[in-house]
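Please keep the model in view while reading.

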Amino acid sequence: MRVCYVSTYPPIECGIASYTKYLSESVQDLRNEVIIVSQNGAKGDNVFPVYSPLDNDIATKLFHITSKLTPDVINIQHEYNLYGSDSGVQLLDFLYRCKIAQLPTATTIHTLYDDMDRTQQIILEGITSTSSAIIVHEAFQKEILSRQFPDKKNKIFVIPHGVRKVEPVKDAKKLLGLEGKKVILLTGYFRPSKGFHRIVKIFPEIANEMEDVVLLVTGKMRGLEFGEYRRYFFDLINSSPALDKIMVLSGQFPQHTFDTIMSAADVLALPYEIGAQSGILAQSAAFNVPVVMSPLKSFIHWNEIVNSGIIAETDEEYKDAIVKILSDDAFNSSLKANMRSKKSDILWPVIARRHMEVYDQIVETLFTGSKYFYNP
């Protein structure tokens, strides 16, 4: 099958780009042709960068190239900020064009909230109406869509976020100068909704209980977003009584660099205030790093599947959970054993096969017994 992914793609830095890279590579490993249509800045074999999020003719550009490439199916990766202004309403134009041209489309909705605003509801109504199939990562997301659009329930499929099968980077702590230390990791884009400031505030209490602990802060911001929060966040770090136990790393963090950072972590803190299933959870599972996370519905669901950490709500709960994971070796080992045993069902090759099952359902064939042949 020739599969076209419409998405951001590396070296563009965003979680959707990484997701599409791992998914498309795994689908290609199943002897399928894969092409990527992306924003300007994407690179690679069979990657076509054709638009900017600032463009007013995104649908025209997307349809022109995808129709020329004659895919059997198009899988669109949806986030509200990827397809232009007004929460990406131009995507609906593209989907309608595909429907008119009888191009099968599967749309993966990465972020879905219980309380949709009016714009989100209008866009999701358009997506569910025009897409041949809808993919979400969690069962509760299917429930949300099914309540909103009950007549579309049968074309909504639940496929979890994939996890890479990788080995930890050897001597990662040594490379970072953290040998002999217990490492708490904060990583990602700095924005208020991620709540990283809460961990910085409670870290001195953790440092008082554990002499060998280090708070490792790695991340960056998209453009000039949340500049005021960034200043506030780093003011907290600079004024921390435990500043001598805080390490801040800056850089671009390409995959192997990020893998080194993750390999050095003993616990990952995710005090997010809003969000859906996070790619960083999949990264933590890949490296068997326990997580202390907020009680978001998606995090609770992930922890029920993988049992990879502790749900915390108050600052005291965060502190106690982090200390328990770092100091209770038996508990720590049990969390890592859970991850090793339970992530086999969500490794990328498995996730790719589940996507192919969805694609097969929406791609019409003229001959019932036909088989797709592709020799790379």
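Predicted model: local features only at pLDDT ≥ 70, side-chain atom pairs only at ≥ 80, totals over all residues.

A residue is called buried when its relative accessible area is under 20%, exposed when that area is over 50%, and partly exposed in between.

The chain is built from 15 helices and 13 strands. Its radius of gyration is 22 Å, close to the 21 Å that the globule rule gives for 376 residues, so the protein is as compact as a globular protein of that length. Along the principal axes, the C-alpha atoms fill a box of roughly 70 × 40 × 40 Å, and of the contacts with a separation of 6 or more, 71% are between residues 24 or more positions apart. The protein exposes about 17300 Å², of which carbon and sulfur atoms supply 50%.

Turning to charge, the protein has 40 positive and 44 negative charges, whose mean positions are 5 Å apart, and a search of the whole structure finds 13 salt bridges. In one of them, Arg198 pairs with Asp315, with the closest N and O atoms 3.0 Å apart. Because Arg198 lies in helix α8 (residues 196-209) and Asp315 in helix α13 (residues 315-327), this pair ties together parts that are 117 residues apart in sequence. Arg198 is buried, at a relative accessible area of 19%, whereas Asp315 is partly exposed at 34%.

Another salt bridge joins Lys324 to Asp328, with the closest N and O atoms 3.1 Å apart. Salt bridges that share partners also join Glu209, Glu316, Lys319 and Asp320 into one network.

Key. Residues numbered from 1 in each chain as written. Heavy atoms only, no water. Helix = DSSP H or I, 4+ residues; strand = E, 2+ residues; numbered from the N terminus. Rg over C-alpha atoms; globule rule 2.2 N^0.38 Å. Contact = heavy atoms within 4.5 Å. Areas by Shrake-Rupley, 256 points an atom, 1.4 Å probe, with all protein chains shown as cover. Lys, Arg positive; Asp, Glu negative; His and termini not counted. Charge placed at Lys NZ, Arg CZ, Asp CG, Glu CD. Salt bridge = Lys/Arg side-chain N within 4 Å of Asp/Glu carboxyl O. Buried < 20%, exposed > 50% of the residue type's maximum accessible area, 1.4 Å probe, protein only.
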